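Subject: Structure handover

Hello,

Here is the structure we talked about. Please have it open while you read the notes below.

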Amino acid sequence: MTSRIGPAGFAALVVAVAAAPLVSTHYRTYELGFVGIYLAALLGLNILTGLTGQISLGHGAFMGIGAYTTAILVVDHGWRALWTIPVAAVVTGLVGIGFGLAVTRFAGPYLALATFALPLTLTGIVKRFQGFTGGSLGKNLPLLHSQLGLRTNPSLWLYIVAWSLALLLFVLAWAVARGRLGRSFRAVHDSEIASTANGISARWVKTLAFGLSAFYCGAAGAVFAIGVAYVNPDTFPIDLSILLLTGVVIGGTGSLGGMVFGALFVEFIRTTWAPALVRAFTRVTTVHVNTHAAGSPQVIYGLVLLLVLFAAPAGAGGLARRLADLVPRLRRRAPSLSRPSGL
Amino acid sequence: MKRSALLVAAALLAAAAVVVSAGAAPSATPGVTARTILLEGTFPLSGPASGYAPIPAAMKAFFSYTNAQHGVNGRQIVFKYDDDQYNPPETVQLTHKYVEQDHAFALVGGLGTEPQQAVEAYLNQQKVPQLFVSTGATTFDHDFTANPWTIGWQPDYAAEGAIYGKYIAKNLPTAKIGVIYQNDDYGGNYLSGLKSGLGASHLGQIVSAQPFDVTSPSPLQQVAALAQSGADTFVIFLTPTATIQSYVIATKLGWKPAHVFVNSVSGTSTFLGLAAKSGSAITDGSFTVNYLLDPTNPQYNSAPGMVLYRKLMAKYDPSGNVNDQLNVYGMAKAWNVVQLLKGLGKNPTRAGLMQAARSMNFSGATANPFLLPGIVTRTQGRYQYPISQVNLVQFSGGVFKPVGGLVDGRVLPK
């Protein structure tokens, strides 16, 4: 991942994050809180997919594991919600490593298929151990409310927690990408054979990538549970995993800043952007689209994804980079560090 | 001096204007304007539960009809609904939107046990009516003390199970019951109802009770266990897909139970027809319950509610399937909502709406025309089950024939 924008870009992001609630309604702040949650998840998935080049169709399940960890600790053991976040992240990270050890013997499409099993297995496990997880009925967490002595409305509280986490994880992702671990990830992405020849165990690196991305998604899932205040096996369907992957691609695999756009996409596509797109389409072509038809959201994402891959294969991040290229000052002096991203 | 006096006078006048206009302003009730009342609800319009999508369309059709008849106390009903895909976090987000952004007057008909449970606490905290949820889970009717802003509508699952139990205890006292039930609150509700209907003396009639996980691919193991248990009465408390599978598997295993009872959610002509087409030989003769007018049964063709139903479907929902009883369900519910709103008069309030919902008595001449003749809609005091009477029906030749008269799943207060 390149940091073409660097600290200045990050500072701009922080300013935007701080300012947004001041100009937003409570409900909009609530929605933007979820953008923060999805950003944390996408940053994690990006480490696996963008950096290390492994496709996962099941990372929604890691959000689910984080969410259930939080739910069980809060509801059954009386934990304070915030303390559960690091625990959920670590637990999920460990599960990620375990899962990675199991599946990294596979490569490419076979690995992707194996990850597809994650969300299905999670649903089954949750329903099987219903004494522990609450089964189909799920668990109701206490309604979202501000803590730590801060008296803000619940939406703002969620926003603060989600974005504090997201920005922290953003910095971590940036550090990982720049460091030795990041180079190992990229080496495995480029060529597993070459990296093995150079003494990097591709399998261990991929496993670590799973673990780290699961850690991120677990943390995101924990905040998700706090925000929604309810978990049950239907809360993390396959759709979510696919949506996360779509978000990474649309953001631009490998681009940290692009992930912000990806997170906006994940949150707003279904409720706001897709209906708006359909309305515009109807107005332009006078073709009536039945948005209430079964499967219609999936069709719309698929179309949007195809459009993006066609028009901007490197996603939002790639677009931003191309725009930045137009400004001579922003061009890096060492062009070899910039790399086209893509799966 | 004169100038400051003028300023003070202007300030006082302005203050007076504000105070007076505040009093004369339209009621501060959210969702209510001088001309409209905003009702909203979440429904699964896509995804695995999208079979229920006709319900909000039919509700909207009835509200359109009401609006064409000059609305409710001079106001038009604006009914908006969104797709939550039966996914609770979606339900939560949409519900927050309805309450905090749209400021709906009430949430009406929200569908799904888990989706509505996910938002129950929030709506009660915000004191927004969660009116007539579309699910039979007993808790929505039963727990009104904890959740005063929430109420169900249709006969609840436990009551339905009790009706099967009572019928079996009375008419099939020596039958051996094998029951397969979904291993969650849905199936659990039905099973506990069945047991309470059988009563202590007939509880032993259940020779085998097999829980089935909805995530399991097939109920083969459970149906085989029931077939081997010597049961001659097959009771199915599963969602539609698993129900169809159970019917087919029973035939494939060569099991021909003398009686079959299937829960009303899955016991529709569509699903039973599918089961028969897929090879089941035991769909004919299945018992279930019904409380709505049945568009596929010609005996109801001249009922005033059926006439109105067909007229409204043709006019306001022409692309809807008239034979789908879910449309009757939607209209029946919308009718109920309109009756409540009419009773609230010129200044409806959310609290007033809930009060009205908790003291309903639509019977006789004022009964809901879309329900079977004789079914009342009653709530009062500690009895908060709006509809609890049903007709036991038997599937025969593609049509449900009533068996006996109306049965009560619960004890109506005098």
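The C-alpha centres of domain 1 and domain 2 of chain B lie 30 Å apart. Domain 1 of chain B covers 34–155 + 299–379, and domain 2 of chain B covers 157–290. These bounds come from an automatic or database domain assignment. Six residues of domain 1 of chain B and eight residues of domain 2 of chain B make the contact. Contact here means that the C-beta atoms of two residues, placed from the backbone, lie within 7 Å. On the side of domain 1 of chain B that touches domain 2 of chain B, two residues are nonpolar, four are polar and none is charged. For these classes, Ala, Val, Leu, Ile, Met, Phe, Trp, Tyr, Cys and Pro are nonpolar, Asp, Glu, Lys and Arg are charged, and the others, Gly among them, are polar.

A word on the source. This is a predicted model, where local features need pLDDT of at least 70, side-chain atom pairs count only at pLDDT 80 or more, and totals for chains, interfaces and linings use all residues. Residues are numbered from 1 along each chain as its sequence is written, while chains are lettered from A and ligands numbered from 1 in the order in which they are written.

Next, the sheet in chain B. It is open, has four strands in the order 2-1-3-4, and its pairing is parallel. Strands (E, at least two residues) and helices (H or I, at least four) are DSSP runs, numbered from the N terminus. Two strands pair if DSSP finds at least two bridges between them. Strand 2 (76–83) and strand 4 (130–131) of chain B are the edges, each pairing on one side only. Strand 1 (residues 36–43) of chain B runs parallel to strand 2 of chain B, and eight bridges join them. In strand 2 of chain B, B:Phe79 is the bridge partner of B:Leu39. Helix 3 (residues 88–101) of chain B packs on this sheet and touches strand 1, strand 2 and strand 3 (106–108) of chain B. The direction of helix 3 makes about 175° with that of strand 1 of chain B. Axes are lines fitted to C-alpha atoms, for helices over the stretch in contact, and angles run from 0 to 180 degrees between N-to-C directions.

Now the helix pairs. Helix 8 (residues 220–228) and helix 9 (residues 240–252) of chain B pack at about 50°, with axes 9 Å apart. Helix 8 and helix 9 of chain B are therefore oblique to each other. Angles under 35 degrees count as roughly parallel, over 145 as roughly antiparallel, 65 to 115 as roughly perpendicular and the rest as oblique. B:Leu220, B:Val223 and B:Ala227 of helix 8 meet B:Ser246, B:Ile249 and B:Ala250 of helix 9. That contact has five nonpolar, one polar and no charged residues.

Helix 9 of chain B also packs with helix 10 (residues 269–277) of chain B, at about 35° and with axes 9 Å apart. Residues in this contact include B:Tyr247 of helix 9 and B:Phe271 of helix 10. Seven of its residues are nonpolar, one is polar and none is charged.

In chain A, helix 11 (residues 238–251) and helix 14 (residues 315–325) pack at about 10°, with axes 3 Å apart. That makes helix 11 roughly parallel to helix 14 of chain A.

Last, the two chains. Chain A gives 25 residues to the contact and chain B gives 24. Helix 2 (26–51), helix 5 (108–128) and helix 13 (296–311) of chain A each supply at least two residues of the side of chain A that touches chain B. That side has nine nonpolar, 14 polar and two charged residues.

Best wishes
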